[in-house]
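Colleague: I have a few quick things to ask about this one. Can you put it up?

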Amino acid sequence: MDAVLAQPNTSNSTTSTRKLKKVAVLGSGVMGSRIACHFANVGLEVVLLDIVPRELTDKETAKGLTLNDKAVRNRLVNDALTFALKSKPSPIYNKAFASRITTGNFDDDMELLRDCDWIIEAVVERLDIKKIVFGNVEKYRKPGSLITSNTSGIPIHLLIEGRSDDFKKHFCGTHFFNPPRYLKLLEVIPTADTLPEVTEFFMNYGDLHLGKTTVLCKDTPAFIANRIGVFSIMAIFHVMQEMGMSIEEVDVLTGPVTGRPKSATFRTADVVGIDTLVKVAKGVYDSCPDDEARDLFKIPDYVTKLVENGWFGDKSRQGFYKKTKDEKGKRQILALDLQSFEYRPKQKPRFKSVGDAKPIDNLKKRLKVLHKAGDKGSEFLNKVSHLLFQYVSNRVPEIADEVYKVDDAVRTGFGWELGPFEYWDVLGVEKMVKAMEAADKKPAQWIYDMLEGGATSFYKTENGQRKAYNPSSKTYEAIPGADAYIKLDNYRDQKPVFQNGGCTVHDIGDGVLCLEFHTKMNSIGSEILQGINTAIDIAEKDGWKGLVLGNDAPNFSAGANLAMIFMLAIEQEYDELDFAIRMFQNTVMRLRYSSIPVVVAPHGLTLGGGCEMTMHADKAVASAETYIGLVEVGAGVIPAGGGTKEFALRASDAYYKGDVQIPRLQELLMHIATAKVATSAHEAFDMGILQATKDSVSVNSDRVIADAKQAVLDLDKAGYTQPIQRTDIMALGRTALGTFYAGIEALQMAGYASEHDAKIAKKVAYVLCGGDLSVPTKVSEQYLLDLEREAFLSLLMEKKSLERIQSILTTGKPLRN
């Protein structure tokens, strides 16, 4: 099912009237095929072309094919697309979207470019080959169509030598980062010939329609993100060598604990490709003779040896790490010992600084602890930070005039939670300058000028608006376009409408409230439930237009507070549990049945109770990257916050006269019984979690809260009326229950489900069917909620369910028992 795309609020942006319908991607390698998939994700018709093979494969020869057969001529592009679609994580929101991509080759299908609105080149990184491709494009493109290159380092102005004026005016660099679906950065690099409206179009289109953080870059070597990101990696390579550290030690310090991706430094290098990393570093070294830190871009001997050995990382199945199996056939990860250059079992290093910092959820507070600890880990982080801060200060204004561009590029291109200047702000600008001086790593002069002028940070917030320091004007200036987003950090300096230990209610303007969770993993407990009820009370009493449930955390919510449920179950406080589940159900129902519109803005992990809240809101405005599902079975229970009831209701609404009703209900039963999680918001529509009749998708996760706020305003303007609770849900009872029980028992007998799995699945089936009704009967929502709660409580009396909860709490993984 195609989802409804949320219409972003563009009132403060000057968007071009240019519309895109068809896009061509030239080159189907790792980047080209995945860029094509992302264009298909947003609804565009895509042409994907690549070269014609020069030789037949053995299989083709055996089939009697020749080099003239279409299957052979399109083999490279088709194989590349097939490989991309099978890769994990998937480059496409929904497998059905792949039908939007047409494949072909450069010899037979260039005519397809004639009606393309945007042609993007993603062939091998060689200037001569790219120029040949553009020469051919010139013969077929229509005047005024857009042409770009996805080059990661070739100077953009060199690519248009010899091209026509119309080609030059509509050409620029558009540098996506791999994987294009998941990494938000899109660097836009115009030339002196690029029309300003073309540059503006890409900046706006990338943001609004591709879900990207678009950063306007100068045509300098490696642009912004790779220049800084690769420098950071090279600095780490050299500091670790100087301090005699292992790759595991470095990855512990440069992963999630410091706000970096799980892949940290060396796993990232393996994923990207060590040869690719070397190529970019060498490119900067060769192209930047005046870079004061040029020597740090020299490739360390141990990295050179890896490349000489052909150990490039994942693509060669070994790099800094190597996946293998032990003598028992169990998967094992080996790490490279840089001294012996042999692989050994991966170690788990421990640092006092990391031990002290890990329990702290707030990244900014955690970083301060890490840098103050005084151990080897702290020393390493300080050394690397001194080098990084010095380097980024010296790159302004060479690669960017504004600090926010550097932060935006590095944060979204490399998956950092904080950009380098934001990181510097956390540690204290003046304090770090003194430490850098002591380490003989003085920053650029403009840093001293900034401090002397009384500016002590790179960013500040005024009246809910984030501003960045501009070294040229020596003042704080509003970040262009930032007013289109709602970032809750910008509301910290205003008094909250309501606050408790688990949530905060903000006034986000225009009569709309936003309730933000801030528990660990945004798990839902009594404080959040109290906050939701209080926020709705305030909105109804004081005339607010509506409420948004949304937050800026990586995940919307991991579900209910399992620790609280486990504690009450162990102590056999069943009355307390019954009260807690009733409160959860009543709160979730109030999201739908209040006198004000409530819109939920899910993103990232939205599991269990978070999913149930999403399903019950008047509308969900979901980030495209929403991983949502009813996963309670993994914890040994069933969804009891209205999730099972809601699936029964939705199945009932889908029935029509003469319909065979059981298959739809069975499909929903399987979603719950297998704890299926949608891998995108679009897949959630297919699963029945989101509904095309009311819910929508925002491609850019940064716009989700703003789009949800607009949805509240639209519902209010349309004359929102409080709905009436349903009493007309068709429950199938024994008509379906016997069939479901038989199917569950068959799965158990075949070994696909344990005895306890089967018991839980039967409880789910019982609720979905409305219990043991002798004939199909219309029932109320409350009737089904009561069945849900009873099933949930009965399972909490089972030892095996408690073992599953305990496993999740202690290991983070469900137990299969």
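Colleague: How many bridges do β12 and β13 pair over, and is the sense parallel or antiparallel?

Modeller: Keep in mind that this is a predicted model. In it, β12 and strand β13 (residues 465-470) pair over 4 bridges, in the antiparallel sense.

Colleague: Which residue is the bridge partner of Lys460?

Modeller: Lys467, in β13.

Colleague: What is the strand order in that sheet?

Modeller: The order is β12-β13-β14, an open sheet of 3 strands with antiparallel pairing. β12 (459-462) and β14 (475-478) each have a single partner strand, so one side of each has no neighbour in the sheet. From one strand to the next, the twist averages 40 degrees.

Colleague: What span should helix α24 have, and what does the model give?

Modeller: At 1.5 Å a residue, the 12 residues of α24 (residues 643-654) should span 16 Å. The end C-alpha atoms are 17 Å apart, which agrees.

Colleague: And the largest nonpolar core, how many residues has it?

Modeller: It has 117 residues, and Trp446 and Phe458 are among those with the most contacts inside it. Helix α8 (residues 225-243) gives the largest share, 12 residues. A second, separate core has 95 residues, including Val23 and Leu784.

Colleague: What is Trp446 in contact with, leaving aside neighbours within four places in sequence?

Modeller: Its contacts include Phe421, Phe458, Tyr469 and Pro471.

Notes. Residues numbered from 1 in each chain as written. Predicted model: local features only at pLDDT ≥ 70, side-chain atom pairs only at ≥ 80, totals over all residues. Heavy atoms only, no water. Core = buried A, V, L, I, M, F, W, Y, C linked by side-chain atoms within 4.5 Å. Buried < 20%, exposed > 50% of the residue type's maximum accessible area, 1.4 Å probe, protein only. Helix = DSSP H or I, 4+ residues; strand = E, 2+ residues; numbered from the N terminus. Contact = heavy atoms within 4.5 Å. Expected span 1.5 Å × (residues − 1). Pairing = 2+ DSSP bridges. Axes fitted to C-alpha atoms, helices over the stretch in contact; angles between N-to-C directions.
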